[in-house]
Amino acid sequence: MTRDGQLAGAFGDSNRGVLDDDFGVAIGEALEGLRQDPEDFAAGVRDRIAERETTSGPRPGPTMFSAWVRNAAAFMPPFLIPRGAVLDAGLATGGLAVKKSVWKWAPGIVAFPAILSVMLVATFVWGFRRATIGDTQGSVDDLSSLEARLWWKQHRLASVVVIVGLVMLLRTSPFEAVAIFAILSMFALLGIFGALARAGLASRAEIGQRTGQFLHSMVIYAYFLMSEWMPSHAGGWSRVALPLLPVIGGSVCLWLAQQDRVGWATRRNQRVLLPIFTSVAITFVLFFALAPHHTTREQAAEYVERGFLTEEEFGGEVVEVTGTYRHLAETKGSVPDIEPFHQALLQHLEHEEFRPAILWDHAASGLLPDRAYDFSRDAKGEEKLTEYRRPLRHPQQMYFHIANRIREESLSDRQRDRIARQVVDGAQGKVPYDALEELSCRVAILDLLDRPKYVEQLAEPIELALLATWAGAPPLKLACFVSSPNMVKRDSEGVPKRDRFSFVHLPDSDHAVRLMLRFGVPAGVQVRALAAYLVEMSENMMWTVDGRNARAAAVLERMSELNGGVEPLDGSAWTVLLDLRMVIAVAVLVSFCVLITKRAPMSTPEEC
Amino acid sequence: MDLDALIARFRGPLIGLHASWGLSARDAQDLAQDVFTEAYLSRERFKGDWADAGQAGAWLRGIASKLHASHRRRGAWRLDKIARRELARDDHAPAASAKLEGQERKLAMRAALGRLRESWRTVLHMHYIEGSGLAEIAGLLGVSERSVEGRLFRARKELKQLLEGADLALEATGNAALASKGERL
């Protein structure tokens, strides 16, 4: 028999339920315990209606419990909706009622990303519990996870759209835009709970449990905020506040919920303790393992004292050790022992080619051991040095020619003057690639030649180069110097555009600081924003300090001289507020949670 | 709103829906009554057509799921699960020496129903408690009548196979017991 034939036999023509075939009758008999006398059933319904109409007080009207909230709650999985609100039967079921007024869905749509993030955490927690505890037969969580699965099924398309949308937003917009969107969404979700509480449809126990769990689950997201939203000079406490505020606020909400003793009595403690334990554990892991840590002077000194050199990273390591040591030596505090590094350097030079473009800075800092100069000799180049008549274009390559001639005292005053003139002339014109390092080298050569009047002539090209390579875009939060003016993205009016900066720009910023320490900070360069960049570069992960972290920390240490002498940090109230905007936003969110929990009505025995 | 007509159309499917969510017969009936009560009290909010099984079913389904969530939060779910486990234990222990007849057949049927996929078990419950119509079931589940029809067809087919398997197993168990008894004699 075909399927249609079988169906026709099973259901007949009337499309009404039938028990007419033997198998159907057998199924019906097996389910007879569920059957109830129709009259008794209808009488039971009437009795309940009569009881509700006579005993219950005035039901919340549309003004108390607006369609906005009702429709917004339709996006929530049942376990997120308080029981009191569930009893208001219109909740989350009014799809037919609101199809003609789409705008009423707005709060729900705004709250959807927050609901989605809560669902992600909840699904993870249930999955984790199922994997670790096993099948929770008889557990309340069984149906919750069932509801969660149903929610994912019903909202899979919307979830995918929101996630893809957020990823796109992250890729195309500043992080602030996404964060503002997320915070608005969280406020919308909390607003729904607040409205339910105000309408008397949710008890303090219910609201407190949800706000508490919501804030504890926020700890996970706080990590991302923490890494992206680093106040430049607000200190470590503000970063700690980001994940700590939700933990404290969540605990307060749960404590307030427990004050509603009647409502709380129906809840199981482990549902509260688990999120607390989880969030505290996560906070611990995030802070003490994964969170970036500021590199201290001592750690930077330890990096220098390691004294290792690898063939692959030779250039980078020499430059970083040099930069770190130089700044540490010129600031107050203990100076690291560089001897192990020099031993390694000399061993390296025994069998490798001498690279003046890398080692000039080490020599200019007065650190290169005398024996190392032997490897730098280039008789032909040094001889031709005095024959040049053109401006010096590549001073890093020429540094050791000049240095060796000075060391053997084979340059006359006239020759020194001519070379100094060539060095200054070479700095004129277009700002070249690696201009700041090049200008640092020119200054070092002029110092070597002992020609201070020529150093003064470099002030103008140095200011031009500093301004051309300063990538600070308003509003300034974090900025640095880059290798070439071409790397600064500018709008049609020539104003730099915001950009993400990496460690690639650290050498340029290091040389810029050195130049500014000597020649002053040009108007338009914000030292505070540069300090923020150096703070970020000095952050190390898992307490592993590399050369970049050490160099950035050392430069940052040196910048204190720059702050005091040239341009004070902009410490206005507005700047501080701007720096702490994410901490403030989280604090407001936490306060809002505590407020709506505190204002929620206590349960009555009848409700339980 | 004709409450009696609404009850007549949706009583069976609603009890079946709640039962398929794991509630005991008494709780399923209680909650079904609560659903009609809430639907009546909030009737002014319903903007659809009560005669339309799809619209009325969607409204009732929303109330049912929320009331069920509320019922579960009161802790009753835990008791239901325990009751269900006890029932399942009984279901899986029919007398080995007898054919599937009478009460034992019902128990076997209920045990087989318990092993069905949830969506199939739901439509069987909703349909066969009172022989309710496909339109009401479809309305409550938010699917098409054709879909309900298909689920019923597959559920019946699967149920038959489960029962046949149980039948054969019992026969084999009974024969083995008889043979063993013969050998001992």
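Tutor: Start with a term: a residue is buried under 20% relative accessible area, exposed over 50%, and partly exposed in between (1.4 Å probe, protein chains only). By that rule, 51% of the 608 residues of chain A are buried. In chain B, 52% of the 185 residues are buried. This is a predicted model, where local features need pLDDT of at least 70 and side-chain atom pairs pLDDT 80 or more, while totals for chains, interfaces and linings use all residues. Residues are numbered from 1 along each chain as its sequence is written, chains are lettered from A and ligands numbered from 1 in the order written, and side-chain values use heavy atoms, without hydrogens and water.

Chain A has 30 helices and two strands. Both are DSSP runs, numbered from the N terminus: helices are H or I with at least four residues, strands E with at least two. Chain B has eight helices and zero strands. Its pattern along the sequence reads α-α-α-α-α-α-α-α. A contact means heavy atoms within 4.5 Å. In chain A, 76% of the contacts between residues at least 6 apart in sequence join residues at least 24 apart. For chain B, 66% of the contacts with a separation of 6 or more are between residues 24 or more positions apart.

Now to your salt bridges. Side chains of opposite charge can pair when their charged atoms come close. Here a salt bridge is a side-chain nitrogen of Lys or Arg within 4 Å of a carboxyl oxygen of Asp or Glu. The structure holds 23 of them over all chains.

Take Arg371(A) and Glu350(A). Their side chains form a salt bridge at 3.0 Å, N to O. Arg371(A) sits in helix H19 (residues 370-375) of chain A and Glu350(A) in helix H17 (residues 339-351), so the pair, 21 residues apart, links distant parts of the chain. Arg371(A) is partly exposed at 47% relative accessible area. Glu350(A) is exposed, at 52%.

Next come Arg551(A) and Asp510(A). The closest N and O atoms of this salt bridge are 2.8 Å apart. Arg551(A) belongs to helix H28 (residues 547-565) of chain A, and Asp510(A) to helix H26 (residues 506-519) of chain A; the two residues are 41 apart, and again distant parts of the chain are linked. Arg551(A) counts as buried because its relative accessibility is 2%. Asp510(A) is buried too, at 0%.

Chain B gives another pair. Glu136(B) forms a salt bridge with Arg9(B), with closest N and O atoms 3.1 Å apart. Glu136(B) lies in helix H7 (residues 134-141) of chain B and Arg9(B) in helix H1 (residues 3-20) of chain B, so the pair ties together parts 127 residues apart in sequence. Glu136(B) is buried, at 6% relative accessibility.

Some salt bridges share partners. Back in chain A, such bridges join Arg326(A), Glu330(A), Asp361(A), Asp510(A), Arg514(A), Arg551(A) and Arg558(A) into one network.

Lys and Arg count as positive and Asp and Glu as negative, while His and chain ends are not counted. A charge is placed at NZ of Lys, CZ of Arg, CG of Asp or CD of Glu. Glu298(A), Glu302(A), Glu305(A), Asp337(A) and Glu339(A) make up a negative patch on the surface. Helix H15 (residues 297-306) of chain A gives the most to this patch, with three residues. Glu302(A) has its place in helix H15 of chain A.

Finish inside chain B. Nine of the eleven residues of helix H6 (residues 118-128) of chain B are buried, so this helix is largely enclosed by the rest of the structure. Among the buried residues of H6(B) are Arg121(B), His125(B) and His127(B), along with Trp120(B) and Tyr128(B).

Key:
Patches are made of residues with over 30% relative accessible area and no salt bridge: like charges are joined within 9 Å, nonpolar side chains (Val, Leu, Ile, Met, Phe, Trp, Tyr) within 5 Å. Accessible areas come from the Shrake-Rupley method with a 1.4 Å probe; for residues, only the protein chains shown count as cover.
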